[in-house]
Amino acid sequence: MNTEIVFLFLQQGIASGLVTGSVYALLALALVIVFRTTDVANFAEGEFYMAAAYLAFFLIALVGLPIWAAAPAMVVGIAVAAGLFQRVVLRRVAAARGVSVNLVIATLGLSYVLKGFVRATGFGDTPRSFPSVVPDGSVTLGQASLSYLDLAILGAALAVMAAFFAVFNLTRTGRAMRAVGMNRRAAQLVGINLGRTERLVWIFAGGISAVAAILIAPKLLMTAEMGGVVTLAFAAAIVGGFASLPGAVVGGFIIGIAENLVGLFVSTRAINVAPFVIIMLVLIFKPQGLFGGRLRVRKV
Amino acid sequence: MSVRVLAAVAVLLIGLSLALPALATGYVVYIGNLLLVFVVLSLGLHIVIGEAGQFSLAHAAFYGIGIYTAALSSKVLGLPFLAALLAGGLLAALCGLAIGILSLRMRDIYLALSTFAFGEAMQWVFLNWTPVTGGPNGLAIPPAQVLGQPILSDKAAFPIVAGVTLVVVALVAGLHASGLGRAFRAVRESEVAAAAVGIDVRRTKLLAFTLSAFLAGAAGGLFTTFSTFIHPDSLGFQTTILVLTMIVVGGVGSVTGALGGAIVFGLVSELLRQVPSYQEMIYGGILILVMMYAPRGVFTLVGRR
């Protein structure tokens, strides 16, 4: 492989990696905000995303909505469903025995229910493609080529992240979320409604996952297993430190670029195992991630 | 698990070993074998999650290591059944020890994710290490050798599988009642308090992790006595979740719960095999409902009343 091709691959890998990475970053963001505020690793995150893609597909193909109406309806639907899950299931689980293992298992249960439900509709097993609203065509940046769809994905993902960061950092609601993440009891003492704040976090997480789904769905084939992409989001969150929002975003881009470079330079088969190797390496050598700050010793 | 329950299990297993091969059809005996393998698997996961309170999501990987090791050592080295089973268990234990050393510094979600990543990476290895595992074509398992005789059917295998399972149940029940079992539970309840009464927390966790991997590997060895084929598809996260579901539904921390959960849920999973979408929905639904209304497991729920 001569240097010219290496350079070309590098450019293309980074450009495509930024696009897929932006979607991983969104999913990682949804994981991290839930983990930070409610201490739950949401194993149903991938299925939120999968269910969102199918809900949009059903709204368009079966109900006959145009895509500009279906997309927001779907985002709202998934966000509300995530909020309901918190309200109906997680609150009850926490009350029954509030250890985080039980909450995690409940999210695992939800992931299976959603997968089974999509499969039972009969549309889950044959891969389907999703219509794109963006016209075909591409632009060339340096020597890398990106389609209009790629640019739209990257732009929309960045816009959603910016909007969420604004909410999280600048509004009262966002401050309540951060407070709950720091110290639940103290947050409650100063008058924050814990249940409502946690529900809002789940609603945001659901909405963000739904946006990620509508962005990337036209590029991927839809199956009931498409939620498996969440392992890349977990890898991204871990690279970023799992409790850091900017970390999740940067981690998403790192994972996206790493995935594309592995695909170009090593082999497409190696892509499948790369995220797990990254998760293990980061956890073993730098478990606090890039943005997790210093390792904290928990005192009793 | 009380001595009385253990005796009942022993009587049941010995009775079934005598009666089942004579009375039941091959398929029923096959299900019996499979359920017993699930019992060993869930007792293994019970040690690490139920007793020691550490999350492990790599159980199917250790199970797979046991299956491939036992099958290959029987095929290539011609080892007899028990040696092959122990080889599977030991190699799985060794891998468990290595992963444990690396990841047991972490807790909760980090431990869950690192073991999850190891499990997925192992499934990838099973799928891509074609010269050894047969890769996506799967691997034909040679008949196990017991006292120089090949085991050729499910019916012939059942008494052996039942015998090994009985030994494992007795050992795990003994472990639960032993000082080591109490050390495990002390670590589960509070690492600080455990350390304060002189328990080496790190070593205790490692031991639980290694023992759990050993039992998963041994379950893999048991599987090779009656099965003729293994494919990496059945060694993924889904299998880990199935076993996790068994111990969660049965009651985390209870030996009887792990045993009962394995039997009941193994049957449910086998009955629902024809309708995978409903299988997933029912698994998921059961997990959610148990977590909501019986977080200590359905068997402990019955026992308390």
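**Where chain B meets chain A**

Across this interface the rule finds three residue pairs in polar contact, both residues at pLDDT 80 or more; such a contact is a pair of N or O atoms within 3.5 Å, where within protein one must be able to donate a hydrogen and the other to accept it, and residues adjacent in sequence count only if both atoms are side-chain atoms. This is a predicted model, so to speak of local features needs pLDDT of at least 70, side-chain atom pairs count only at pLDDT 80 or more, and totals for chains, interfaces and linings use all residues. Residues are numbered from 1 along each chain as its sequence is written, chains are lettered from A in the order in which they are written, and side-chain values use heavy atoms, without hydrogens and water.

The rule also finds one salt bridge across the interface, with the side chains of A:Arg119 and B:Glu280 meeting at 2.8 Å, N to O. The term stands for a side-chain nitrogen of Lys or Arg within 4 Å of a carboxyl oxygen of Asp or Glu.

In total, 37 residues of chain B are in contact with 41 residues of chain A, where contact means heavy atoms within 4.5 Å. About 3,700 Å² is buried between the two chains, and carbon and sulfur atoms give 76% of that area. Buried area is the accessible area (1.4 Å probe) that two parts lose on being put together, summed over both.
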